[in-house]
Amino acid sequence: MKMSEIVLTFSEYEEALREGKLLGLRCKDCSKITIPPQAVCQWCGSRNLEKEELSGEGVLETFTVIRVPPEGFEDEAPYIPCLVSLAEGCKIVGRLAYDAEKASQELLGKKVRFVKAHTWKGDKFSPPRSCPLFEVVES
Ligand SMILES: [Zn+2]
């Protein structure tokens, strides 16, 4: 039996983010998108996946404002982790580029778009990592 190849590794995904591209995996069996990348489709478990560049457009599902950061994130507070429903029908956790003092529940459901990677320096638990940074496109 042939080993199935990893179509998109996590480090390739992060590298693409830093180049301004949001990549996901399109399942050739159920046609849904898996993001961030995994070895199998997050919906049906298939390994029949192909890399696809996503629009980066979506809707803000929810967010929170971190004022007391975990160890290693002191330089970043206050910051806003968010959950975005992408136009392709999948959800992704990222950061929201928004004034933490002004962020309120009124932002929920607003259209957002992927701007670039947000990269943090890492801490004693994990190496430097990147995630997608989103901005609100309607006020
Ligand atoms: Zn699938």
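Visitor: What spacing do the donors of the zinc ion follow along the chain?
Guide: In this predicted model, the donors of the zinc ion are arranged along the chain with the spacing C-x2-C-x10-C-x2-C.

Visitor: And which residues coordinate the zinc ion?
Guide: The zinc ion is coordinated through the SG atoms of Cys27, Cys30, Cys41 and Cys44, at 2.3 to 2.4 Å.

Visitor: Is the site of the zinc ion tetrahedral or irregular?
Guide: The site is tetrahedral, with angles of 105 to 118° among the 4 donor atoms. For comparison, the ideal angle for four tetrahedral donors is 109.5 degrees.

Visitor: Cys27, then: buried or exposed?
Guide: Cys27 has a relative accessible area of 2%, so this residue counts as buried, the cut-off being under 20%. Cys30, with a relative accessible area of 25%, is partly exposed.

Visitor: Switching topic, what is the phi of Ser31 near?
Guide: Phi of Ser31 is near 65°, which is a positive value in a residue other than glycine. Most residues other than glycine have a negative phi. Ser31 sits in the loop between β1 (23-27) and β2, and Ser31 is partly exposed, with a relative accessible area of 46%.

Visitor: What about the peptide bond from Ile35 to Pro36, cis or trans?
Guide: That bond, from Ile35 to Pro36, is cis, with omega near -10°, and Pro36 lies in the loop between β2 (33-34) and β3 (49-53).

Visitor: And the one from Ala77 to Pro78, cis or trans?
Guide: The peptide bond from Ala77 to Pro78 is cis, with omega near -5°, and Pro78 is placed in the loop between β4 (57-63) and β5 (81-86). Most peptide bonds are trans.

How values were computed. Residues are numbered from 1 along each chain as its sequence is written. This is a predicted model: local features need pLDDT of at least 70, side-chain atom pairs count only at pLDDT 80 or more; totals for chains, interfaces and linings use all residues. Side-chain values use heavy atoms; hydrogens and water are left out. Donors are N, O and S atoms within 2.8 Å of the metal (3.2 Å for Na, K and Ca); water is not among the atoms, so sites may look incomplete. Four donors count as tetrahedral if all angles lie between 85 and 135 degrees; four count as square planar and six as octahedral if opposite donors are over 155 degrees apart and all others between 65 and 115; anything else is irregular. Buried means under 20% relative accessible area, exposed over 50%, partly exposed in between (1.4 Å probe, protein chains only). Helices (H or I, at least four residues) and strands (E, at least two) are DSSP runs, numbered from the N terminus.
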